[in-house]
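Visitor: Please take me through one part of this structure closely. I would like to see the place where the chains meet.

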There are 2 protein chains.
Amino acid sequence: MRSAFYISDGTAITAEVFGHALLSLFTVEFNHVTVPFVETEEHAHEVLQKISESFQDSGERPLVFYTIVNTEVRNVIAKSVGINYNFLDQFVAPLEKVLGVPSKPEKHRTHSIHEKTYDIRIDAVNYALANDDGSNLKDYNEADIILVGVSRSGKTPTSLYLALQYGIKAANYPFTEEDMGDILKMPPVLRRFKHKLFGLTIKPERLHQIRSERRANSRYASLQQCRMELREVENLYRKEKIPFLNSTQFSIEEMAAKIIATTGLQRRKWA
Amino acid sequence: MRSAFYISDGTAITAEVFGHALLSLFTVEFNHVTVPFVETEEHAHEVLQKISESFQDSGERPLVFYTIVNTEVRNVIAKSVGINYNFLDQFVAPLEKVLGVPSKPEKHRTHSIHEKTYDIRIDAVNYALANDDGSNLKDYNEADIILVGVSRSGKTPTSLYLALQYGIKAANYPFTEEDMGDILKMPPVLRRFKHKLFGLTIKPERLHQIRSERRANSRYASLQQCRMELREVENLYRKEKIPFLNSTQFSIEEMAAKIIATTGLQRRKWA
């Protein structure tokens, strides 16, 4: 199988994301190899060796996606026997012209602790954890958004993703049996934060499947119970005009992007 | 201020990562605008309007980074008054030649629920949450890695990042006062999982600062206590030959990349 190498003097996340997006346009399987923190010529020569070995083993020239700030190190990788994609480079000169200033490449400017919003993102992760699953009802005034929904409808991973990637403080609150009663009413603790609420829902069949993995053959997991709970929350969302999304067909990356688009929240990534 | 638009018929994460990496080479400030899920020509025309308005307001042509699978929608964005970067496109034809097969662009192939490893990543997030902070000692046989370290040395966010991005099941265990005693010994519960342990440490001054934000003027946060705890864990790491990293200067993205590089764990992202 042909290899795809992702190489950088940083985390190599940019190379991975770019290479993965490009390769996803093809229905071909690859052996993916990420090599981060290639910061010396010596290390670069070791990587060259790996690329050569992969070529010899597979008989197919590896694809090599790389971004490296240091010129000497970059020049070593550029000599690989693979098909080399220094994919940012060709955009730099035209962009210098547009912006009217020279580029100033520096190591570790992306995905590092030196990003301006790094601390904001870590604070948001700690906030999401401390305010997960209705575990803390005191700090909702700090929340940027409060995800609501029944148990296992995707609130927790979505909250964490919003925090980790975008520095958005997302609490989440599960509607419980207690809230349900005969008819689900807005829990009093949420009433004054109504403008921050965002509802999740999910197909009953999918919820039944997810809950069954947790507690097979329980009332909690029964299709009937799932149907009832989802009907109640969707009625509440409509009645109270809470924006909501059905998570059944969406990844957490897609949920986060849709929630941000719907609410107009700001990404605190590149502020 | 000049705007940078990130536009896609999916999450726009690829456009964001690429654009951000390119712009990070310049010491220029931008107004960042992400527009995901542009799936119709009508929506694309609305986006064109936004790009025009941004040009009029700032007097500077916006930069427009986009990846769009649908030809009609893409052709609308390509007419924007901005400086347009259809940054994947120019790599496609040469890559078709290399691979000897035509590309088959389909929507939502990246960052969607249809990625082969999506469920693995969500399972790993649930595992990380259930095994956070030593809260569960029964499931360590399932762990790919167990992060150990003193309270607030970066275990939790690093575990979550490993899970969310790479589908790696990372538990984490905090060394506590109880484990410390006169001299920190390997907690019995960890002994049989020694090959899975990975230690975190941090500068005492930084730990003191982080803990002080939590509990100011406590013994827990005192520089003396931080120094003592870190000396003990570092001694244990050396004595037991547990690989370890100092998190003081690293982002969680960097920590994750370094941990994977050190341990040889596999990224379950594109399997």
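**The interface**

Guide: Across the interface of chain A and chain B, twelve residue pairs are in polar contact, both residues at pLDDT 80 or more. A polar contact is a pair of N or O atoms within 3.5 Å; within protein, one must be able to donate a hydrogen and the other to accept it, and residues adjacent in sequence count only if both atoms are side-chain atoms. The model is predicted: local features need pLDDT of at least 70, side-chain atom pairs count only at pLDDT 80 or more, and totals for chains, interfaces and linings use all residues. Residues are numbered from 1 along each chain as its sequence is written, chains are lettered from A in the order in which they are written, and side-chain values use heavy atoms, leaving out hydrogens and water.

Chain A and chain B also share four salt bridges. A salt bridge is a side-chain nitrogen of Lys or Arg within 4 Å of a carboxyl oxygen of Asp or Glu. B:Glu16 forms one with A:Arg267, and their closest N and O atoms are 2.9 Å apart.

On the side of chain A that touches chain B, α1(A) gives the most, with nine residues. Helices here are DSSP runs (H or I, at least four residues), numbered from the N terminus.

The contact (heavy atoms within 4.5 Å) takes 75 residues from chain A and 75 residues from chain B. 100% of the interface residues of chain A are also interface residues in chain B, so the copies meet through the same surface.

Key. Helices (H or I, at least four residues) and strands (E, at least two) are DSSP runs, numbered from the N terminus.
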